[in-house]
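User: I'm new to this one and would like a walk through it. Could you take me through the parts step by step?
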Amino acid sequence: MLAAEWHGAKSIKVNSRPKVLVTDPDDVVLKVTSTCICGSDLHLYLGVMPGMHSGMSLGHEFMGIVESKGPNVKNVKAGDRVVSSFDIACGQCFFCEKGSYSACDTTNNSEVEGMLYGHKTAGFHGYSDLTGGWEGGQAEFARVPFGDMNLLKVPDNLTDDEVVLLSDVLPTAWHACELGFVGDGDIVAIWGAGPVGMLAAHCAKARGAARVILIDNVADRLSFAQAKIPGLEVIDFGKEKTLDALKRMTEHGPDVCIEAVGFHYCKTMLSRIQMALKLETDPSEILNELIYSCRKAGRISIVGVYSGFTNGLNIGAFMEKGLCMRAGQTPVQKYWHALLKMIQEKKLDPTIVITHHMPLAEATRGYKIFNDKKEENGALVQKVV
Ligand code: NAD
Ligand code: ZN
């Protein structure tokens, strides 16, 4: 089967490799129909995530048709159309029973992550060995462990574009709002106008936020988001400093500040290993902006990925302002039934972020233009499926 593989920083190749098979009684194998490139894949693309090895398969956002399944799988059958979650949950451990699927204790056997952080996340598809080294879904076929837990059946009257983002970025955008308790009348500021930040703005509006302010320095991403989300306000921090703009635009500061950027955009971008070793790095520059601009007793939500230690986080300002800060990888399975219903009821439309479609064979180009945020002819790239 063909699959997108990582062969070093900025080196993605589509190669033929052995077809994945059902190897465990709980497995499901899908014929993949749609798969996306995520901001989290850029950590791999840029080579800042350890635990990568040449030839690793990529992709954690995908959907398809069930081709075969192990004898324990009860919820899906051959021919069903399903979306896969990016995180792999067993459904039975202490954390899964609490609905904290992204903290599943049994699907990530990486010793290194345990050593670095004293804990392990759930396993992720197509990511580094730090998250279990599972095969990815940017491929013709994908193996989904614990199929009963990690697949969502989707109705035929919805297109792939309408449902494929249930695998990650739509639940992540919703999770960002949940972590920040976004509700009626809130002023919400969101750092990062990528697919996650833009969908977080869409979700915040759906949850009754009074004002939503999206922040980036890619002007085309900001105007694209404004065209799709009525009433959205924006800050281009290339033109005005984020802190100055938020002071000008809000009397007391936003009620909720959402981080949808991630560590690899921080100016002192160093590898996760270097950070873990506390080498001269300060990826807290963006997080401090959230702390300084959030209103007193406000809420901070972090879904952008931060890996390793930060040295310069202003915990003093955080404490004195009485802020609440919550963060995390998304427990996709916790939200996806409700979000599917909202898509069917036209309360949410995840397709607003999709700008590009291409065949798997063009994945190399897909990664390049998604990282560049534009094509060679200058056209905006927001989300590639
Ligand atoms: P993306 O790279 O397309 O978007 C990030 C945006 O942030 C870019 O447009 C960039 O220009 C902007 N940015 C850079 N510096 C900034 C700054 N100082 N202030 C404001 N904006 C700035 O990525 P994405 O797909 O939208 O994902 C965003 C983040 O969410 C990534 O870190 C990704 O790993 C993470 N993520 C987390 C989860 C989760 O479960 N928590 C799931 C999916 C993605
Ligand atoms: Zn993703």
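Analyst: A word on classes to begin with: Ala, Val, Leu, Ile, Met, Phe, Trp, Tyr, Cys and Pro count as nonpolar, Asp, Glu, Lys and Arg as charged, and the others, Gly among them, as polar. By that scheme the shell around ligand 1 has 16 nonpolar, eleven polar and three charged residues. This is a predicted model, where local features need pLDDT of at least 70, side-chain atom pairs count only at pLDDT 80 or more, and totals for chains, interfaces and linings use all residues. Residues are numbered from 1 along each chain as its sequence is written, while chains are lettered from A and ligands numbered from 1 in the order in which they are written.

User: Which residues are the closest to ligand 1?
Analyst: The closest are Gly39, Ser40, Gly192, Gly194 and Gly262, out of 30 residues that surround ligand 1 (a residue is near a molecule if its C-beta atom, placed from the backbone, lies within 6 Å of it).

User: And which elements each supply at least two residues of that shell around ligand 1?
Analyst: Helix 1 (39-45), helix 6, helix 7 and strand 12 (211-216) each do; helices (H or I, at least four residues) and strands (E, at least two) are DSSP runs, numbered from the N terminus.

User: How do helix 6 and helix 7 pack?
Analyst: Helix 6 (residues 169-179) and helix 7 (residues 195-206) have axes 8 Å apart, at an angle of about 60°, where axes are lines fitted to C-alpha atoms, for helices over the stretch in contact, and angles run from 0 to 180 degrees between N-to-C directions. The two helices are therefore oblique to each other, since angles under 35 degrees count as roughly parallel, over 145 as roughly antiparallel, 65 to 115 as roughly perpendicular and the rest as oblique.

User: Switching to sheets, in what order do the six strands run?
Analyst: The six strands form an open sheet in the order 13-12-11-14-15-16, with parallel pairing (two strands pair if DSSP finds at least two bridges between them). Its edge strands are strand 13 (233-236) and strand 16 (324-327), each pairing on one side only, and the twist averages 15° from one strand to the next.

User: How many bridges join strand 11 to strand 12?
Analyst: Five bridges join strand 11 (residues 187-191) to strand 12, and Ala189 has Ile213 in strand 12 as its bridge partner.

User: What about the sheet of three strands?
Analyst: That open sheet has the order 2-1-4 with antiparallel pairing. Two bridges join strand 1 (residues 2-6) to strand 4, and Trp6 stands opposite Met56 in strand 4.
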